[in-house]
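I opened this model to look up a few helices, a sheet and some side chains. My notes follow.

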Amino acid sequence: MARTFEISVPDAQLRHLQQKLDTATFPDELDDADWDMGVPLDEMRRLISYWRDGFDWRQKERELNENLTQFIVPISVSGFGDLDIHCLHHTSQNTQAIPLLFIHGWPGSFLEATKLIPLLTRRDKAQPAFHLVAPSLPNFGFSSAVKKKGFGLVQYAEAMHNVMVALGYKEYVVQGGDWGSIIARVMANRYSDHIKAVHLNFLPVALPYPWRSPLVFLRSLFTIPFSPDDKAHLAATRDYLTQGNAYMRQQETRPQTLGYALQDSPVALLAWIYDKLHSWSDSYPWTDDEILTWVSIYCFSTAGPAASVRIYYEAARNDSTATAPGMSTIDVISKPTPSNVKLSVAQFKTELIRVPMLWTGLAGSVVRAREFDCGGHFAAWEVPDLLADDLKNFLGRNGQAYGAVSGKDGY
């Protein structure tokens, strides 16, 4: 039975953080380094000073508790026992509202869904309404920690599905970016009787080699040379894979080593996350309060910030010792989702991995694909109106997945 929840960080944790911030030390930096080598020193000094002397977590905590409807949903995951999953659950007054599961990634959290709540749940005769469920993944936010090795993508998918079932949603749709996109595709493969449509704003796919996707390969031959947009997408993806994913290699190979810094040093945690908030967004004007609230969720998380990066380690492996057959990230992006699950792809301007639109069909039954000339990796936070409208157009009247959930058309 789900129980109501409010965020309440113990005073001892706040005092401990204050002590850490009081004794923070900083490295030097090269002249005129700017962002070329990471977060600039003056940015870190300013943020740490504000975190120490001006940022009011208790005020942010009150705001979150006043504005968000939060629950702890007890579930079980095969081979891993019982877990408590923290989630936002905002229902619409519209009885025909469509159940929507929003899945975050790293370094995101349930916070990413908060701007979507008023856009998706309000009653509107012209557009569909949704019941929005935004859990904290296990090891993130205020959900349980998992201490047993082997909790991979299949287990994350099972956890998210079990949350929806526990809340009474036997059929639903999913929206995901970052790890949420990967987990949503695992869920579509494993729970296609329940998941009726999936909206993705992050779409890594396996390259269309001729023996893997002959039709896409042949069609690609006839479109070569690629359009300027396609060339730009491939160049951006190449830059990310060659210049921007060292963090991923560290987190999928030695998460424990990195974890000591993230757990012990708020300076290290802030730098590690802020680097991604800045470099992965489309010139979004992050405020200091936004940055520090975002990072504080990791700092005060139930499992601790080190636990959040273990998903990279587990997802890089196909653990044959797991109770359920495993799926690595490579497995997921190489396997199309079932044809009965309708997919929609929204590709934003500065997403980390962007593919030619022709290739989106490699993910499965893609019935809608759109590109946007603004927005980055954190689309739900940066451009919530665009993301919400694309969801509504996908699932609303005249949309490609209208009426996908039995008896729930959103109107």
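Predicted model: local features only at pLDDT ≥ 70, side-chain atom pairs only at ≥ 80, totals over all residues.

In what order do the strands of the open sheet run? I read β1-β2-β3-β5-β4-β6-β7-β8-β9, an open sheet of 9 strands with mixed pairing. I checked the edges next: β1 (3-4) and β9 each pair on one side only. Two strands count as paired if DSSP finds at least two bridges between them. Helices (H or I, at least four residues) and strands (E, at least two) are DSSP runs, numbered from the N terminus.

Local features need pLDDT of at least 70 and side-chain atom pairs count only at pLDDT 80 or more, while totals for chains, interfaces and linings use all residues; side-chain values use heavy atoms, without hydrogens and water.

I looked at one strand pair. Strands β6 (residues 172-176) and β7 (residues 195-200) run parallel and are joined by 5 bridges. I195 in β7 is the bridge partner of Y172.

H199 also sits in β7. Buried or exposed? H199 is buried, because its relative accessible area is 1%. The cut-offs are under 20% for buried and over 50% for exposed, with partly exposed in between (1.4 Å probe, protein chains only). I then found a polar contact of 2.8 Å between the side chains of H199 and D390. Such a contact is a pair of N or O atoms within 3.5 Å; within protein, one must be able to donate a hydrogen and the other to accept it, and residues adjacent in sequence count only if both atoms are side-chain atoms. Leaving out residues up to four places away in sequence, H199 touches, among others, V174, S344, L387 and F394. Touching, or contact, means heavy atoms within 4.5 Å.

**Entry: helix α8**

Which residues of α8 are buried? I list D230, H233, A236, T237 and Y240. They lie on the same side of α8, because they cover an arc of only 130° around the axis. The arc is taken over the directions from the helix axis to the C-beta atoms. An α-helix has 3.6 residues a turn, so residues three or four places apart point the same way. The face turned away from the buried side carries the exposed P228, T242 and Q243. The cover over the buried residues of α8 includes α9 (246-253), β8 (342-347) and β9 (366-371).

**Entry: helix α3**

In α3 (residues 57-67), I find W57, K60, E61, L64 and N65 buried. Their arc of only 130° puts them on the same side of α3. E66 and N67 are exposed on the other side. The buried residues of α3 pack against α1 (11-22), β2 (70-77) and α12. D56 caps the N-terminal end: one of its side-chain oxygens lies 3.1 Å from the backbone nitrogen of R58.

**Entry: W294**

I followed α12 (residues 288-299) to W294. W294 counts as buried because its relative accessibility is 0%. A polar atom of the W294 side chain lies 2.4 Å from the backbone oxygen of P107. The C-alpha atoms of W294 and G108 are 7.7 Å apart, though 186 residues separate them along the chain.

Terms used. Residues numbered from 1 in each chain as written.
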